[in-house]
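Dear colleague,

Please find the structure below, handed over for your own work. My notes on its contents come after it.

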Amino acid sequence: MKISYNWLKQFIKIDWKSEETAALLTDLGLEVEIVEKYQSVKGGLEGVLVGHVLTCIQHPDADRLKITTVDLGNGLPVQIVCGASNVAAGQKVPVATIGTTLYDKEGVAFSIKKGKIRGQESHGMICAEDELGLGEGHDGIMILDDSLVPGTPAATVFKIENDEVFEIGLTPNRADAMSHLGTARDLRAGMLQSGANVELITPSVSSFRVDKRTLKIDIDVKEPKLAPRYCGITISGIEVKPSPDWLQNRLKAIGLNPKNNIVDVTNYVMHELGQPLHAFDAAKINGKIVVQTLPAGTKFTTLDDVERTLHEEDLMICDEKGPLCIAGVFGGKKSGVSKSTNSIFLESAYFNPVSVRKSAKRHQLNTDASFRFERGIDPTITEYALKRAALLIQEVAGGEITSDLINVYPKKIEDFNVFLNFNNVDKIIGEKLPKDIIKKILVSLDIKVNSFSDAGLGLTIPSYRVDVQREIDVIEEILRVYGYNNISFSKKLNASVFNAPRNEDYKIQNTIASQLNSQGFHEMMANSLTTASYVQLSEQLNDDYNVTILNPLSADLSTMRQSLLFSGLEAVSYNINRKNADLKLFEFGKTYHNYLAGYEEKKHMSLFLTGNRNQESWTSVQKMSNFFLFKGYVYGILSRLGIENTQNIPVTLDVFSEGIAIKFDNETIVELGVIKKSILKHFGIKQEVLYADFDWDLILKKTSTKIKYAEIPKYPEVRRDLALLLDQNITYESIYKIARQTEKTLLKNINLFDVYEGQNLPEGKKSYALSFTIQDNSKTLTDAQIDKIMGKLQKNFETELGAVLR
């Protein structure tokens, strides 16, 4: 938000430097991000003086040039070569002296230098309108009033506006400060607290009166909940033309382009008082003004010449034949003010903030008016702002007020009542403030003190302070005006030490994240908002369980996700399309469900693996990531969490073409597998993607926090290998379980290091090559002991699995 310092000074008489004012506004919570200089003419005409042309003769070597001598008021006339056809002796003209910087139409600077033109010296430049930035004229030089004294700075002649503009980073809750009046209110409170005795000066509307009653337009508000207050008046006999310089300069200073005097006044009052206004061409209104909603599908063309399809909840300003304006958002093309307009209906209203916000988002319109309405404007200022605008329109466009001011306000919007407890003020602020200072601050903020007691204050909060409705809000107001920097603090530092549990969520997340990072995984964060259509890709998901957004930004962000899968696949697709096809991703996130019993959030961790397992290199052969590598990552996570003795069962999620579910204590904690090609096709992915879904809430309950440790063995371990011929349906898990049951103490590790299926093997058979690591922590094993263990293992494999030693 931009605030003009000159404009602000119309509300508060202040002679502070802009830096001091900016610092106070920042302390008050209106953070001034930057202070910029503004000049109504770029460069401020610095170095341009009034000159008196003493002589003017023809240039001897150029038909279109003339040589002049010009008095600049210092008693030393200078010679200037001029190419304008209208230059003549005796004229008063603007002269850019040597060293002056001027700007062309594109804003590019150029400097006036001493030079020679066709052999004749020239010590400056006699300027035309466009060369000074004062207009578009370039037919000849500017001829000034003959009464002007040579040497007078042109900046004083043309009344150049020099201003400073505060760029304020306004927070969304401070709707009351979205104007120069609102900023001035806060500034006054801060200045009073700092000891400066200032008053808030508001524009007078005492001269407002009805001239005639010849153009009455009735108002019918059919949706009083959406338009709690609606005011209107007609003004006739106006002339639509460019605004005067003072009005244009005010708007330009805050970044607005002037359009015409009527529109400029409505913009001026909006930025002055915070009340958006709208002017309709009265000749284009058929019958009365009707404030209502229209059937869905109604077509309406706005001022930007775009035809829009209305929603049944859009509040519209209509006449008896159709819509004229989207209330609080944007005007219509057919009813707008044009050069031929000679009478207007001027609107000032308070619209429901939620209604305006929905309409603005629905039609993707973000206007200055909707910006204010949707945050909540001052409902008490509606009539005052209308009178202020009417008087300004009469000043800049002429005309007469030709109707009574109609004010439809069936139910007054009441102020808020709050009780402020002094003990709570002291407790929250951390310092005991004098009660008279608290009262003084509140009064300076237009908060009315209804009752005063030793316990606290009974307060009435102005209705425009939509962000102050609770006691804690009032305390915040006191603190920001009193000054955060004025609160003292103890030099003693107190700290509490408590015994935090080992299995706190964030600690475990950090542990697993570190492990995955070390294995080449990158953490991702996807949006919890997604498209509702994704649930159709899985039978386990249900439309009825969707948590839908009441006011979505778009269809793609209309629903809370039921699974981390699809948002992860969006990330995978995005990366693959940008030539980053080798991916290892993980995410901690929540899913959202609308069950019959109520809403439910569940925390999950997802893993994605696709592409090559290692980066391309001349030292190694490229290998694609596969299910077994992925399974190893998953089991590595479970092992790090102390979750062992798990069971594998067939996967139940239908998003997998193949996979497994891992159970612990008869509960499924992880499901992993290869994503179906049909789902990958939906995201434009052509390569295999592996996905694991961890039930993180359940895993937190199962995680073991016990630290296990053992002494490093002193005695050597022994490795023995077996090559077994097995039926194809026998899994490595079966071998693992038999081996563990056969030797529970000395068998330390079992590893499958080769699998062969193919030639030279009987049909339906496969070969497993396994290694067994045997170790006794108390002594060195003998060959006899090792052979005995290996014999037991071989016998049990043969008996239970039908294995044959190769």
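This is a predicted model: local features need pLDDT of at least 70, side-chain atom pairs count only at pLDDT 80 or more; totals for chains, interfaces and linings use all residues.

Residues are numbered from 1 along each chain as its sequence is written, and side-chain values use heavy atoms, with hydrogens and water left out.

Salt bridges

A search of the whole structure finds 37 salt bridges (a side-chain nitrogen of Lys or Arg within 4 Å of a carboxyl oxygen of Asp or Glu). One of them links Asp426 and Lys432, with 3.3 Å between the closest N and O atoms. Accessibility is classed here as buried (under 20% relative accessible area), exposed (over 50%) or partly exposed (in between), with a 1.4 Å probe and protein chains only. On that scale Asp426 is buried, at 17% relative accessibility, whereas Lys432 is exposed, at 64%.

A salt bridge also joins the side chains of Lys507 and Glu504, at 3.8 Å from N to O. Lys507 is partly exposed at 30%, and Glu504 is partly exposed at 24%. For the salt bridge between Glu600 and Lys602, the N to O distance is 3.6 Å. Glu600 has a relative accessibility of 33% and counts as partly exposed; Lys602, with 28%, is partly exposed.

Strands

Helices (H or I, at least four residues) and strands (E, at least two) are DSSP runs, numbered from the N terminus. Two strands are said to pair if DSSP finds at least two bridges between them.

An open sheet is formed by 5 strands in the order β13-β16-β19-β20-β21, with mixed pairing. Its edge strands, β13 (219-221) and β21 (330-331), each pair on one side only. Within this sheet order, β19 (residues 315-318) pairs with β20 (residues 323-326) in the antiparallel sense over 3 bridges. Ile317 stands opposite Cys325 in β20.

Strand β12 (residues 162-168) is largely enclosed by the rest of the structure, because 5 of its 7 residues are buried. Strand β1 (residues 2-4) pairs with β12 in the antiparallel sense over 3 bridges, and Ser4 has Val165 of β12 as its bridge partner. Strand β2 (residues 32-39) likewise pairs with β12 in the antiparallel sense, over 7 bridges. Here Val35 has Phe166 of β12 as its bridge partner.

Helix packing

Two packed helices are described by the angle between their axes and the distance between the axes. Helix α11 (residues 422-429) packs against helix α13 (residues 471-482) at an angle of about 60°, with the axes 10 Å apart. Axes are lines fitted to C-alpha atoms, for helices over the stretch in contact, and angles run from 0 to 180 degrees between N-to-C directions. The two helices α11 and α13 are therefore oblique to each other (angles under 35 degrees count as roughly parallel, over 145 as roughly antiparallel, 65 to 115 as roughly perpendicular and the rest as oblique).

The contact (heavy atoms within 4.5 Å) is made by Asn424, Val425, Ile428 and Ile429 of α11 and by Glu471, Ile472, Ile475, Ile478 and Leu479 of α13.

Yours sincerely
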